[in-house]
Amino acid sequence: MKAEDILTGEIIPIVKVNQTDGQTDGQTDGQMNGKTTDTEDKILQMICEDAFVTQDEIAERIGISNSGVRYAMRKMKSRGILKRVGSHKNGKWQINKKLE
């Protein structure tokens, strides 16, 4: 299952951000609407597999620091891609289709 299949079942292509200069390279990758980094793509994929996954589990599985995961998730939440539903302890992650 890919990130774009969550909730709506629609496939929404996006333009990848060049990691070195922040410019787009014109290629689409079929992930969430908007520009996402490789780390964000990995996080979204894990949430697709398990909406109850913790930030610590994500950090361990993708091999980055806990603060790196928190930073990426905070940025996705501010862009409307990701939302926490329920309490901090017993809640789950929800991936939203960002409207242009």
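A: A residue is called buried under 20% relative accessible area, exposed over 50%, and partly exposed in between (1.4 Å probe, protein chains only). By this rule Asn 90 is exposed, because its relative accessible area is 61%.

The model is predicted, so local features need pLDDT of at least 70 and side-chain atom pairs pLDDT 80 or more, while totals for chains, interfaces and linings use all residues. Residues are numbered from 1 along each chain as its sequence is written, and side-chain values use heavy atoms, without hydrogens and water.

The part examined here is helix H1, which spans residues 38-49. Its setting may be described first. The protein chain contains three helices and four strands (DSSP runs of at least four residues for helices, H or I, and at least two for strands, E, numbered from the N terminus). Along the sequence, these elements follow the pattern β-β-α-α-α-β-β. The protein chain has 100 residues, and 33% of them are buried. Its accessible surface (Shrake-Rupley method, 1.4 Å probe) comes to about 6200 Å², and carbon and sulfur atoms account for 48% of that area. Of the contacts (heavy atoms within 4.5 Å) between residues at least 6 apart in sequence, 39% join residues at least 24 apart.

Within helix H1, attention turns to Leu 44, which lies in this helix. Leu 44 counts as buried because its relative accessible area is 0%. Leu 44 and Ile 95 are separated by 51 residues in sequence, yet their C-alpha atoms are 7.6 Å apart in space.

Glu 40 also belongs to helix H1. Although Glu 40 is an acidic residue that counts as negative, Glu 40 is buried, because its relative accessibility is 4%. When residues up to four places away in sequence are left aside, Glu 40 touches Lys 35, Ala 72, Lys 75, Met 76 and Arg 79.

One of these neighbours, Arg 79, is also a salt-bridge partner of Glu 40. A salt bridge requires a side-chain nitrogen of Lys or Arg within 4 Å of a carboxyl oxygen of Asp or Glu. The closest N and O atoms of Arg 79 and Glu 40 are 3.1 Å apart. Because Arg 79 lies in the loop between helix H3 (66-78) and strand E3 (82-85), whereas Glu 40 lies in helix H1, the pair ties together parts that are 39 residues apart in sequence. The two partners may also be compared by accessibility: Arg 79 is partly exposed, at 23%, whereas Glu 40 is buried, at 4%.

The structure holds two salt bridges.

Asp 50 is located in the loop between helix H1 and helix H2 (55-62). Asp 50 is partly exposed, because its relative accessible area is 34%. On the surface, Asp 50 gathers with Asp 56, Glu 57 and Glu 60 in a patch of negative charge. Such a patch consists of residues with over 30% relative accessible area and no salt bridge, with like charges joined within 9 Å.

Another member of this patch, Asp 56, is found in helix H2. Asp 56 is partly exposed, since its relative accessible area is 46%. Asp 56 and Arg 70 are 14 residues apart in sequence, and their C-alpha atoms are 9.2 Å apart in space.

Asn 90 lies in the loop between E3 and strand E4 (92-95). From C-alpha to C-alpha, Asn 90 and Phe 52 are 7.9 Å apart in space, although 38 residues separate them in sequence.

Technical notes:
Patch = residues over 30% accessible without salt bridge, like charges linked within 9 Å, V, L, I, M, F, W, Y side chains within 5 Å. Charge placed at Lys NZ, Arg CZ, Asp CG, Glu CD.
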